[in-house]
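Please examine the structure below. A tutorial dialogue on reading its features follows.

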Amino acid sequence: MKPIYQRLNLFIDSQDAYTFVPVEPLGSQSLTIQRSTGDIVLNPPNTPIPATASRYEKTVYGILGMISLALSEYIIILTGREHRGHLLGHDIYRAADFDILPLNPNVSVQSPPHPVEGHLLALVRSHLLGGHFLFSYGWDLSRRLQKQWNEREDDEKRALWEQADDRFFWNKFLQSRLIDTDIAQELSPYILPIIYGTFDIRTVYIHGRRIQLCLISRRSRYRAGTRYFRRGVDHEGHVANFNETEQIVLVEEQAAGRISNVEKFSHKLSFVQIRGSVPVFWAEVNTLRYKPDLQVMELQDTVDAMRVHLQEQVSIYGEQNLINLVNQKGYEQPVKEAYERTFNQIELPKVKYEYFDFHNECKRMRWDRINVLIEKLQEDLLRQGYFHLDMSRPDPLQIQQGVVRTNCMDNLDRTNVVQAALAKWTLNHQLKFLGVLAEGEELDDFKALSRDFREMWADHADMISKAYAGSGALKTDFTRTNKRTKIGVLEDGYKSVTRYVRNNYFDGARQDGFDLVTGAWTPRKNPITAVSLLADSRPLVVRSVPYIMSFSVFMICAGLTLPRTSGKLLTSEDYSLFYYFMLWFIVAALSIAFIAIHGIEYVSWPRLIPPTDIIYYEGPGFRSGHRGKGLKGSFAQKLGFSRKTLPVDGGPHGRKRALTVNKIEEIEMGTKKRVD
């Protein structure tokens with residue numbers, strides 16, 4: 001395997017070419033990308049740099065790929081990295097800063113020649129800066145230890161990008177220009193794969209033995225997106241917010257005589273869990289209310305989609321224990337019933353379903369009741385085991401033969417608590433098996449280990465939640481302290497408000513960023529055809545009401561500064577003030593009522609792949625309400641309030657399939673074929 005170049009010098013030859021030269025080793029083949037044609041050329045060793053070329057001011061730590069927008073193709077380079085730790089002899093980094101270089105000499109990234117191009121560039125930049133991207137130059141972060149062991153012989157002949165798990169190779173679409181060339185193998189040292197996820201590693205000593213505890217999560221690039229704009233399953237069996245979480249434990253055989261940085265781990269253990277959205281077709285439609293309208297869509301291929309999803313998990317991980325934490329009463333009940341109804345129509349021998357009423361079992365902050373679930377799973381957990389590699393033996397002592405797949409509505413808060421509890425139970429068993437913990441000892445008996453374990457899982461939960469919901473995870477006070485606190489409840493309230501604001505007013509653009517960078521939507525080579533990305537097609541009255549409301553609030557506040565009489569008898573001035581306040585309070589109240597009635601019009605929706613057919617779905621299934629869609633009847637039609645203002649098809653927006661009337665739009669459900 002050719003190592004990936006860790007530092008590159010970039011030379012820009014006026015308007016002709018970009019040339020990347022490895023800093024080490026000296027004399028390596030440089031890479032030239034022609035700006036006029038987009039041709040990618042690997043130069044012979046020791047090729048001199050043109051005298052007219054100037055060196056770029058920043059060091060390049062990797063090429064993340066290339067993306068084509070409306071006016072130009074762009075190279076995305078990594079110009080900042082943050083060291084996150086050292087695992088199995090390899091440095092792990094977080095991508096911290098990026099630059100975008102246009103191929104078209106007439107296009108400036110700082111001042112795009114067309115507003116559509118500027119908008120698309122802003123989406124790419126926002127996605128890169130808002131994500132948590134991790135990479136290593138010599139170790140495949142996208143694959144769990146067990147898979148790396150199974151494929152170790154093949155890896156000797158493959159480049160790092162060829163080893164990567166396709167699901168978690170986040171910049172696979174961006175790297176497709178390099179991968180699809182005839183010289184992809186020769187370009188391998190320039191193709192840097194990254195993952196979207198989390199990484200943390202801590203070192204502790206127990207009874208003198210050195211232990212490293214590492215936690216890695218990997219987010220799938222399929223059906224990627226934000227909390228309310230990506231739910232459920234698509235027609236290819238991919239689910240929203242799918243994450244693989246691996247807990248790695250590295251243990252020294254003998255007690256260390258003194259603290260050392262030399263890695264001499266004789267035991268490597270790995271325990272993997274997964275999470276993903278409920279694998280049926282369902283959605284939540286934002287209406288500006290705290291709880292969106294819940295919608296379950298009974299499509300003909302619902303059973304097939306779930307079967308494909310579960311079969312894929314079985315083929316990858318082995319046995320599946322499906323843990324469903326969705327409430328069995330109230331708002332969430334239809335999702336639980338749809339899950340169970342569909343699952344009962346599927347006969348898969350290696351898949352078991354287990355329901356756990358989290359909120360009922362753990363009410364009044366009885367989080368210890370999670371042990372009830374663990375007791376039910378104990379037999380399966382022991383049989384499925386974990387991956388255990390003893391370095392003194394040629395074969396693993398144990399392999400993991402199955403995983404627990406946990407879900408709640410968002411696959412965040414309740415899921416985090418349960419996954420952390422399962423990981424803790426497994427870690428206790430692993431350390432006792434190795435003799436690190438004696439009989440009768442528990443993980444919580446060792447403060448440093450217990451603290452690091454809790455902090456790692458709480459930080460892990462926060463980062464996954466920020467990526468999907470826009471705020472930190474709820475209930476992390478229990479994960480950090482092993483108990484639920486009143487302060488934690490207050491913090492959860494703040495996070496819930498943050499989620500509401502982000503999900504209703506900012507997530508549309510975030511979802512567009514996901515769709516653009518992962519290749520779910522590709523722009524046409526003409527910005528004029530995409531001007532609707534910037535246009536506001538809502539009726540004038542709808543657009544005016546927020547300004548009217550703001551003005552009325554201003555007038556009310558201004559009225560509070562007006563002078564008042566001090567006498568007991570009411571004067572004409574007092575009556576004037578009364579009517580003044582009554583007028584503006586009525587205007588404000590009517591404005592708020594109008595916004596509430598037409599809530600859908602004020603939500604920040606994705607513009608690249610608008611979910612029009614989900615919002616206005618009228619097929620079989622369940623809908624908790626049809627709020628926020630405005631007035632009904634002929635009067636509303638005359639005013640233009642009842643029409644759909646979201647784009648119905650993707651004609652002007654980009655290359656995607658047209659929406660249909662009687663079927664969920666296929667692109668929105670995730671079935672668009674990717675170019676990679």
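**Reading salt bridges and burial**

At 7% relative accessibility, Asp413 counts as buried (buried: under 20% relative accessible area; exposed: over 50%; partly exposed: in between; 1.4 Å probe, protein chains only).

Q: What basis do the values have?
A: This is a predicted model, in which local features need pLDDT of at least 70 and side-chain atom pairs count only at pLDDT 80 or more, while totals for chains, interfaces and linings use all residues. Residues are numbered from 1 along each chain as its sequence is written, and side-chain values use heavy atoms, with hydrogens and water left out. The protein chain has a mean pLDDT of 89, pLDDT being the predictor's confidence in each residue, from 0 to 100.

Q: With which residue does Asp413 form a salt bridge?
A: Side chains of opposite charge can pair when their charged atoms come close. A salt bridge is a side-chain nitrogen of Lys or Arg within 4 Å of a carboxyl oxygen of Asp or Glu. The partner of Asp413 is Arg499, with the closest N and O atoms 3.0 Å apart. This pair links distant parts of the chain, Arg499 in helix H13 and Asp413 in helix H10, 86 residues apart; helices (H or I, at least four residues) and strands (E, at least two) are DSSP runs, numbered from the N terminus. Arg499 counts as buried because its relative accessibility is 2%.

Q: How many salt bridges does the structure hold?
A: The number is 44. One of them joins Glu73 to Arg177, the closest N and O atoms being 2.6 Å apart. Glu73 is buried at 17% relative accessibility, whereas Arg177 is partly exposed at 26%.
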